[in-house]
Amino acid sequence: FLNNSVIVLDQPDGWHAMGADQSSACSIAISDEQEKVAAPPVLPREETVEITGVASSPVGDGAAALQPAAQGIREADVKFSFLEAEAEGPDGVKTESPSRSRPTLADDRIALLMKLQEASNQDLLERLSSMQQSVEITQQQLHENVQMELAHQGQILAFFNKVLAVLLGEVLSSTGYELITVLFVGNGTMSNWQALQARSVYAVFITLYMPVAGYVFSKIHSRMPRDSLTGIFLESQTNICPVLLAWGWKDWAAALDTWAGAEAWDEIVVAASFTLLVVAVQSFGRVQKHQAEIAAGGNHLFGRFLLIPASFGLACGYLWNEVATFGVSKIQALKPSWLGTYSFEFVIQAGYTIFICATITRLTIFLKRPTKDSHSEARAMKVIKSALHDWSASGLRALMCIILSFIYAWAVLDASEDWVFGVMFQCSSYSSCSYQSNFAYAVGVTLVFSGAAVILNKAEHLMAANHDFTQAVELLENAMILTVGWAWMNFYSTFMSSASAAATSESKVAIYFISAFTLFPFHTLLHFIIQRVHNKLVQKAKIALTSLEKSKL
């Protein structure tokens with residue numbers, strides 16, 4: 001602000017011009033109309049300027065360090081415009097300085113407003129971007145929560161379905177066995193060979209019946225409303241057919257093992273021979289291909305018959321568990337005579353359980369280690385497992401994994417029973433305890449293990465990227481399902497033994513048939529309730545997922 005320069009303060013109430021000596025000043029109140037066309041004042045050197053009839057003092061050369069002194073004006077609210085004075089030409093006409101054209105004050109205000117608007121828009125865009133990121137993160141979290149809830153509901157449904165399938169498998173197997181026993185020996189007692197023959201008859205019957213039943217039930221179910229009682233009943237019967245088949249062959253394998261002998265070599269030869277036979281039959285029948293077709297929704301009668309060898313995994317697991325626990329039973333038999341409680345048996349079993357579970361976990365992780373093609377194979381096996389609701393396995397590696405999982409499961413089952421029946425109830429086994437004790441044990445283990453399964457399922461979902469943790473959780477979940485199902489099977493067995501203790505052979509068969517026909521409606525109703533609740537929750541979860549996807553768009 002040297003030479004012919006003034007300071008113009010641009011404020012909301014108008015323009016304020018101040019001379020370099022800070023003594024002269026002028027003020028102009030600008031209305032909205034005037035502001036559009038008004039131009040800044042021009043103050044020549046050593047002249048008295050009169051603006052809109054308001055006189056001001058002479059403006060002279062001032063100090064270079066002039067600072068705005070208007071009271072109540074912040075530095076950010078002040079706009080300084082340095083205007084050069086106009087000069088007169090030779091003909092008396094005023095001309096602008098040749099250095100630059102003089103902008104008007106209205107242009108300055110417009111430029112300032114544009115800069116302010118630009119800064120405001122930039123700040124608004126940054127805030128919108130931050131809000132959008134927050135919304136996307138929230139949507140992702142909601143999406144994961146809904147997916148976890150879907151997995152949680154599916155886990156609960158699979159848990160109870162398998163438990164009910166184990167109970168129903170034992171009911172049918174024991175009923176058929178009692179009927180065949182009456183036909184074979186009447187009121188007499190069967191030998192090991194006769195027991196094997198009776199189990200063989202039932203195994204052949206269940207092998208011929210289950211594929212046909214599954215095929216027919218699936219055909220009728222496809223034409224029924226999915227949420228109807230009949231539709232859910234047919235779906236449940238279709239899904240448990242492989243489990244009933246597996247349970248029938250497990251009982252046959254138990255009878256075969258008993259007939260072969262109680263020595264270690266007998267156990268090993270029976271287990272190895274049966275396993276090799278299963279692997280050979282599976283390879284010949286192309287079981288894995290038909291498994292994938294049935295899981296994808298196919299329904300072929302011939303394909304269901306070719307799936308029969310896949311249901312032998314439970315029988316193989318039982319036989320190899322007898323091999324694994326041979327030494328444990330021998331050590332437990334060494335209990336000192338002065339030790340009258342069952343604590344010794346439990347300690348031995350608990351030590352074996354810890355060792356075998358840790359070993360099987362490491363072996364399973366190794367056998368199921370990720371490979372180049374493991375992701376697609378794992379997805380296919382997951383679909384198969386979800387569709388069939390059983391413990392089927394095809395191929396040598398898959399069969400080894402299912403055998404290890406059953407050895408793991410029976411170790412947990414035996415440790416649990418040794419603690420409850422031996423230490424707590426002071427019984428040598430579940431069969432020597434009352435059915436009331438077995439009922440209390442079944443209810444308790446159901447509550448504890450179902451709650452633990454829910455927690456483990458959520459942890460598995462959160463740790464989905466951790467392959468080792470996922471395999472460990474799957475092993476433990478399978479063990480808990482088998483333990484709960486076996487607990488209710490033991491209750492049924494002790495209850496039926498108590499109910500038919502004084503009955504004749506014919507009356508005993510009638511009691512078992514009445515029990516079976518009573519449990520079928522109970523199983524259907526319970527499964528109907530669980531399935532309906534599951535379907536409703538899944539429907540709500542899918543609606544929530546659809547809403548989230550639309551909000552993303």
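Predicted model: local features only at pLDDT ≥ 70, side-chain atom pairs only at ≥ 80, totals over all residues.

Trainee: What makes Glu178 and Lys508 a salt bridge?

Mentor: Their closest N and O atoms are 3.8 Å apart. A salt bridge needs a side-chain nitrogen of Lys or Arg within 4 Å of a carboxyl oxygen of Asp or Glu, so the pair qualifies. Glu178 sits in helix α2 and Lys508 in helix α15, so the bridge ties together parts that are 330 residues apart in sequence. Helices here are DSSP runs (H or I, at least four residues), numbered from the N terminus.

Residues are numbered from 1 along each chain as its sequence is written, and side-chain values use heavy atoms, leaving out hydrogens and water.

Trainee: Why is Glu178 called buried, and what is Lys508 called?

Mentor: Buried means under 20% relative accessible area, exposed means over 50%, and partly exposed lies in between (1.4 Å probe, protein chains only). Glu178 has 14%, so it is buried. Lys508 has 26%, so it is partly exposed.

Trainee: How many salt bridges does the structure hold?

Mentor: There are 3. Arg199 and Asp251 form one of them, at 3.7 Å from N to O. That pair links distant parts of the chain, with Arg199 in helix α3 and Asp251 in helix α4 (residues 229-260), 52 residues apart. Lys250 and Asp251 also meet in a salt bridge, at 2.8 Å from N to O. Salt bridges that share partners join Arg199, Lys250 and Asp251 into one network.

Trainee: Are the residues Arg199, Asp251 and Lys250 buried or exposed?

Mentor: Set each value against the cut-off for buried. Arg199 has a relative accessible area of 17%, so it is buried. Asp251 has 8%, so it counts as buried. Lys250 has 5%, so it counts as buried.

Trainee: How do you know that the charged end of Arg199 sits over the ring of Tyr177?

Mentor: The label requires NZ of Lys or CZ of Arg within 6 Å of the ring centre and within 35 degrees of the ring normal. The charged end of Arg199 is 3.9 Å from the centre of the Tyr177 ring. The charged end of Lys250 sits over the ring of Tyr318, 5.8 Å from its centre. Tyr318 also belongs to a cluster linked by ring pairs, together with Trp247, Phe406, Trp410 and Trp486.

Trainee: Why is the pair of Phe205 and Tyr209 called stacked?

Mentor: Rings of Phe, Tyr and Trp (its six-membered ring) pair if their centres lie within 6.5 Å; planes under 30 degrees apart count as stacked, over 60 as edge-to-face and the rest as tilted. A search of the whole structure finds 19 aromatic pairs. In this one the centres are 5.8 Å apart and the planes are at 5 degrees, so the pair is stacked. Phe205 and Tyr209 are 4 residues apart in helix α3 (residues 192-221), which means about one helical turn separates them.

Trainee: What are Phe205 and Tyr209 called in terms of accessibility?

Mentor: Phe205 has 49%, so it is partly exposed. Tyr209 has 38%, so it is partly exposed too.

Notes. Helix = DSSP H or I, 4+ residues; strand = E, 2+ residues; numbered from the N terminus.
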